[in-house]
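Subject: Structure for your review

Dear colleague,

Please find below the sequence and structure that I am handing over to you. My findings follow directly after them.

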Amino acid sequence: MEGNLYPLAVFFGAIFTNNILLVNYLGMCPFLSIAKEFKASVGLGIAVIFVMTVTSVLNWAVYEFILEPFGLEYLRFIMFIMVIAAFVQLVEMIIERVSENLYAALGIFLPLITVNCSILGVSLFMVIREYTLIATLFFGLGSGLGWFLAILSMAGILEKLRKARLPKGLEGPGITLIITGIMALAFMGFAGILPIS
Amino acid sequence: MIATLLISVAIVTAIAVFLALLMVIADATIANYGEVQISINDGSRELTAKGGVSLLKALGEQEIFIPSACGGRGSCGLCKVTIDKGGGQVLPTELPWLSKEEIENNVRLSCQCKLKQDMEIKIPEELFSVKAFETKVSSIRDLTHDIKEVTLELVDPPEIQIEAGQYIQVEIPPYELTDEEVYRAYSISSPPHMNSLVELEVRLVPNGIATTFVHNYLKEGDTVMMNGPYGDFYLRESDREIICIAGGSGMAPIKSILLDMEHKQINRKTSYYFGARTAKDLFMVEEMERLEKELKDFTFIPALSEPQEDDNWEGETGLITEVLDRHLGEDAGELEAYLCGSPGMIDACIKVLQKKGIPEDQIFYDKFA
């Protein structure tokens, strides 16, 4: 699909049909551990949106202007990781300095994000799918929103489940994974509305 | 071929150096909070520290040791201090460890609070005397089949000042069962006047990180790091009759208290109930019999809960709570009680003591959790 609408299609695709968490199962680790608390889920989700958007654009620039011209595409894994780690560290320092409230709500989750594989995943997909800068921006933002949406729904569902009587063996990650699977099936339904890969 | 290789190496290095430089600059500017003043206990001590580090670390660098079992990762919840000014908001990483009351009273985890501005904090006075010690294992001997007595000779600093009944924290280095050093608390069983060493009694807990290390890896001559002393379990000054109750390695602080009484010639009437399962779990019996002769009015009452036939046991039998129940009269209300052992045993004994009329403020205990 070409044209002006292309970035928009990537954007909605990243949120719904190609949700990074539910379709690619990336970023599961913080998802499983944080979804238990609604408030923390919101904080972590917002941090993911922010970091994903900015790092995918940064990594696009690194790839486009440094790696590709010199034929160093094979180094993208290590480069992307380095850029993500440095960026996250920097943002944490700045947030801690400027706003105490923001740090308490958000900054505390930033170190967790460095090792969130969905962040690296977005940067790598952006290369494989040969996105343009604008498409990358929308892809990063959309993937972040998609991850946020997934963890928020999970946190909400788990909140309800707290009152349910679960079989002992299913408590914790067990039931969370099963629900994730069902949610993934539901999100597949969106593919009918938005036939984009 | 070589040229491409060199170029790729150069580019990777350049990017890495650039990012590292960025970090260094950020560290020196954004994360530089200058020097901050910490005022402890309403100004009874003032110190200056470099900003940007955690309060726990800053205090540790000034030789003020806040108890912490995890080493500052926010996973043990022990390093609580009161921060009246300059602590900022309570962070989500602290919430699991703080009760509502504690949050209202400005209690914080010192490992999570970074120094960004001048602080006013309160810590228990006793922590000022806490120091880090380098020690050498001078002997390890078996007390029972699962309890070892470890004697640590102090190297640097060479002396320690304790109250009988207090405990220290031993650093267990990384080994088979742990990837990082851990700290565990052990009561000191030697009396305060023997100030160049500490004796510990360590019972083997199956798969326990620290106890397995002490039992199976520690050798005489090894260097052991520890810090302390901690704790408010010590003999209170009064003329009341004393009763001591202990089980297993709970012997340690009680022994220290009794030896201290011998040294200071304190002759308050004292009885010591010691609970064990079988005769092979009993230890220090000769030492206690010696004390019965040395102290004017001291009785040692060991009790076995499951005496075996070949134990030929003629002393008290039954759970320690049953023995207490039999021995304490209705006039027990004037007693002062000192308990040490497992939480289950202590809770059960406190119930018996309260039933016998001993008020709560005359019961002191140290739970080995």
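In chain B, T82(B) stands opposite K122(B), a residue of strand β5(B). Please note that the model is a predicted one.

Strand β3 (residues 80-85) of chain B and strand β5 (residues 119-122) of chain B run antiparallel and are joined by three bridges. Within β5(B), I121(B) lies opposite I83(B). I121(B) is also the bridge partner of I40(B). Strands β1(B) and β5(B) pair in the parallel sense, again over three bridges. In general, strands of a sheet pair through backbone hydrogen bonds, and the pairing is either parallel or antiparallel.

These strands belong to an open sheet of five, ordered β2-β1-β5-β3-β4 (chain B), and its pairing is mixed. Strands β2 (45-50) and β4 (107-109) of chain B are at the edges with a single partner strand each, so one side of each has no neighbour in the sheet. From one strand to the next, the twist averages 40 degrees.

G43(B) is placed in the loop between β1 (35-40) and β2 of chain B. G43(B) counts as exposed because it has 8 C-beta neighbours inside 10 Å, and a residue is exposed if that number is 12 or fewer. The C-alpha atom of G43(B) is separated by 8.2 Å from that of E120(B), although the two residues are 77 residues apart along the chain.

**The six-stranded sheet of chain B**

Chain B also holds an open sheet of six strands with parallel pairing, in the order β15-β14-β13-β12-β16-β17 (chain B). Its edge strands are β15 (316-317) and β17 (363-367) of chain B, and each of them pairs on one side only. Strands β12 (residues 242-247) and β16 (residues 336-341) of chain B run parallel and are joined by five bridges. Among the residues involved, C244(B) has Y338(B) in β16(B) as its bridge partner.

Helix α7 (residues 320-327) of chain B lies across β12, β13, β14 and β15 of chain B and runs at about 150 degrees to β13(B).

For chain B as a whole, there are eight helices and 17 strands. Of its 369 residues, 34% count as buried. Among its contacts between residues at least 6 apart in sequence, 70% join residues at least 24 apart.

**Chain A**

Chain A has nine helices and zero strands. Of the 197 residues in chain A, 42% are buried. Residues 24 or more positions apart account for 79% of the chain A contacts that have a separation of 6 or more.

How do two of these helices pack? The axes of helix α3 (residues 38-67) and helix α4 (residues 76-98) of chain A come within 10 Å and cross at roughly 135 degrees. The two helices are therefore oblique to each other, and α3(A) passes α4(A) in a right-handed crossing. The residues in contact include V51(A), L58(A) and V62(A) of α3(A), and M79(A), F80(A) and F87(A) of α4(A). By class, this contact has twelve nonpolar, two polar and one charged residues.

**The contact between the chains**

How many residues does each chain bring to the contact? Chain B supplies 18 residues and chain A supplies 18 residues. The side of chain B that touches chain A consists of 13 nonpolar, five polar and no charged residues.

Yours sincerely

Conventions: Residues are numbered from 1 along each chain as its sequence is written. Chains are lettered from A and ligands numbered from 1 in the order in which they are written. This is a predicted model: local features need pLDDT of at least 70, side-chain atom pairs count only at pLDDT 80 or more; totals for chains, interfaces and linings use all residues. Two residues are in contact if their C-beta atoms, placed from the backbone, lie within 7 Å. Ala, Val, Leu, Ile, Met, Phe, Trp, Tyr, Cys and Pro count as nonpolar, Asp, Glu, Lys and Arg as charged, and the others, Gly among them, as polar. Two strands pair if DSSP finds at least two bridges between them. Helices (H or I, at least four residues) and strands (E, at least two) are DSSP runs, numbered from the N terminus. Axes are lines fitted to C-alpha atoms, for helices over the stretch in contact, and angles run from 0 to 180 degrees between N-to-C directions. Angles under 35 degrees count as roughly parallel, over 145 as roughly antiparallel, 65 to 115 as roughly perpendicular and the rest as oblique. A crossing is left-handed if the near helix is turned anticlockwise from the far one by less than a right angle, and right-handed if clockwise. A residue is buried if 20 or more other C-beta atoms lie within 10 Å of its own, exposed if 12 or fewer, and partly exposed in between; C-beta atoms are placed from the backbone.
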